[in-house]
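Biologist: I am new to this structure and would like a close look at one part, the place where the chains touch. Please describe that part, and then follow it into the strands behind it.

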Amino acid sequence: MSECAEFKPIDQWLTLDVTKNDDQNIYLMSPTEIHLGDPSIKAIHGGVVALFLERVAEMELSASGKSSTVANIVNTNIDFLRSAKMKPLFGSAQIIRRGRRLAVVDVIAWQDKIDVPVAKATVSFKL
Amino acid sequence: MFSQLNMNLVDISEHGVIVDTSFGECFRAESSSQRAHSGALTIALDSMFGLALFAHVKELRPIATINLKTEYLSPVNTGTKLTCTASCFALEGNIARMKGDISDAATGAVLATATAAFMTGTAGPSFVANEGA
């Protein structure tokens, strides 16, 4: 795992890592059999994709923060666009709004191409 | 995934499912506390929705989550005994609407609620062996 990011214990279960690409953080999870959802099509469990999207939003918010304010997720809206196969899953986030008390972050996840996302989410935080 | 989440089936019918669970240490949000990451609740709810949908339609056909909205009401610690409920409240054609929640088994306090839309009969082989043979 990259040392500069703020990883949490759950990130080890999630196999979460982060790299930089042109000043944008790109998040990655490498699914294993514990993340398997539908075995018939070898897809990552939808809840695991959801967790990945939430962690990407959290880490992006934390990376952009000017203070160590704890951010708690209020709610998450996720659209599953395609089945996420059992292969590396990438994610990136955009902070739509960061106020004094609330923040909203949009996240996308993809596998082969960024313009063919497998899921997207909007995560709302209480700061 | 059910074993990952220590889920034990309490009741299942076409009207819904009830499952007991507690989150293991691997789902901790922070190194310094026992608080579980909220995403663990979403994993549990998504799993429950799938099970409840199978129970509602009474067949094991491929399904897929279309969308999922989770409201996190209160934090939960790893090891805390939880009660999860889920049910299908509408099925129109191949679109199923699900709702569910997770409560503290001891106090009954609702910790998270969720709604979701699922599609039934999606691409993929049937779960039933030798079907069509």
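Modeller: A polar contact here is a pair of N or O atoms within 3.5 Å; within protein, one of the two must be able to donate a hydrogen and the other to accept it, and residues adjacent in sequence count only if both atoms belong to side chains. The model is a predicted one. With that term in hand, 13 residue pairs are in polar contact between chain A and chain B, counting pairs with both residues at pLDDT 80 or more.

On the side of chain A that touches chain B, the elements giving two or more residues are helix 1 (9-14), helix 2 (46-64) and strand 3 (72-80) of chain A. Strand 3 of chain A provides the largest share of that side, 9 residues. By kind, the residues on this side of chain A are 13 nonpolar, 9 polar and 6 charged.

The contact as a whole draws 28 residues from chain A and 28 residues from chain B. About 2,300 Å² is buried between chain A and chain B, and 55% of that lies on carbon and sulfur atoms. Of the area that chain A buries against chain B, 23% comes from A:Pro9, A:Trp13 and A:Phe80, more than from any other three residues.

Between chain A and chain B the count of salt bridges is 1. A:Lys8 forms a salt bridge with B:Glu30, with 2.8 Å between the closest N and O atoms.

Strand 3 of chain A pairs with strand 3 (residues 63-72) of chain B in the antiparallel sense, over 5 bridges. Two positions show how these strands face each other. A:Asn75 is opposite B:Glu71 in strand 3 of chain B, and A:Asp79 has B:Asn67 as its bridge partner in strand 3 of chain B.

From there the pairing can be followed into each chain. On the side of chain B, strand 3 is joined by 9 bridges to strand 6 (residues 110-120) of chain B, and the two run antiparallel. Within strand 6 of chain B, B:Ala116 stands opposite B:Leu68.

On the side of chain A, strand 3 pairs with strand 6 (residues 117-126) of chain A, again in the antiparallel sense, over 8 bridges. A:Ile73 faces A:Phe125 in strand 6 of chain A. Strand 6 of chain A also pairs with strand 5 of chain A, antiparallel and over 9 bridges. In that pairing A:Val107 stands opposite A:Ala121 in strand 6 of chain A. A hairpin of 6 residues joins strand 5 of chain A to strand 6 of chain A.

A:Ala93 has A:Val107 as its bridge partner in strand 5 of chain A. A hairpin links strand 4 of chain A to strand 5 of chain A through 3 residues. Strand 4 of chain A pairs in the antiparallel sense with strand 2 (residues 24-29) of chain A too, over 3 bridges. There A:Tyr27 has A:Gly91 in strand 4 of chain A as its bridge partner.

A:Phe90 and A:Trp110 form one that is stacked, at 6.0 Å centre to centre and 25° between the planes. Because A:Phe90 lies in strand 4 (residues 89-98) of chain A and A:Trp110 in strand 5 (residues 102-110) of chain A, the pair ties together parts 20 residues apart in sequence.

The structure holds 9 salt bridges over all chains. One of them is formed by A:Arg55 with A:Asp11, where the closest N and O atoms are 2.7 Å apart. This pair links distant parts of the chain, with A:Arg55 in helix 2 of chain A and A:Asp11 in helix 1 of chain A, 44 residues apart. Both of these helices are among the elements that give two or more residues to the side of chain A that touches chain B.

Methods:
Residues numbered from 1 in each chain as written. Chains lettered and ligands numbered in written order. Predicted model: local features only at pLDDT ≥ 70, side-chain atom pairs only at ≥ 80, totals over all residues. Heavy atoms only, no water. Contact = heavy atoms within 4.5 Å. Buried area = accessible area lost by both parts, 1.4 Å probe. Salt bridge = Lys/Arg side-chain N within 4 Å of Asp/Glu carboxyl O. Helix = DSSP H or I, 4+ residues; strand = E, 2+ residues; numbered from the N terminus. Nonpolar A, V, L, I, M, F, W, Y, C, P; charged D, E, K, R; others polar. Pairing = 2+ DSSP bridges. Phe/Tyr/Trp six-rings, centres within 6.5 Å; stacked < 30°, edge-to-face > 60°.
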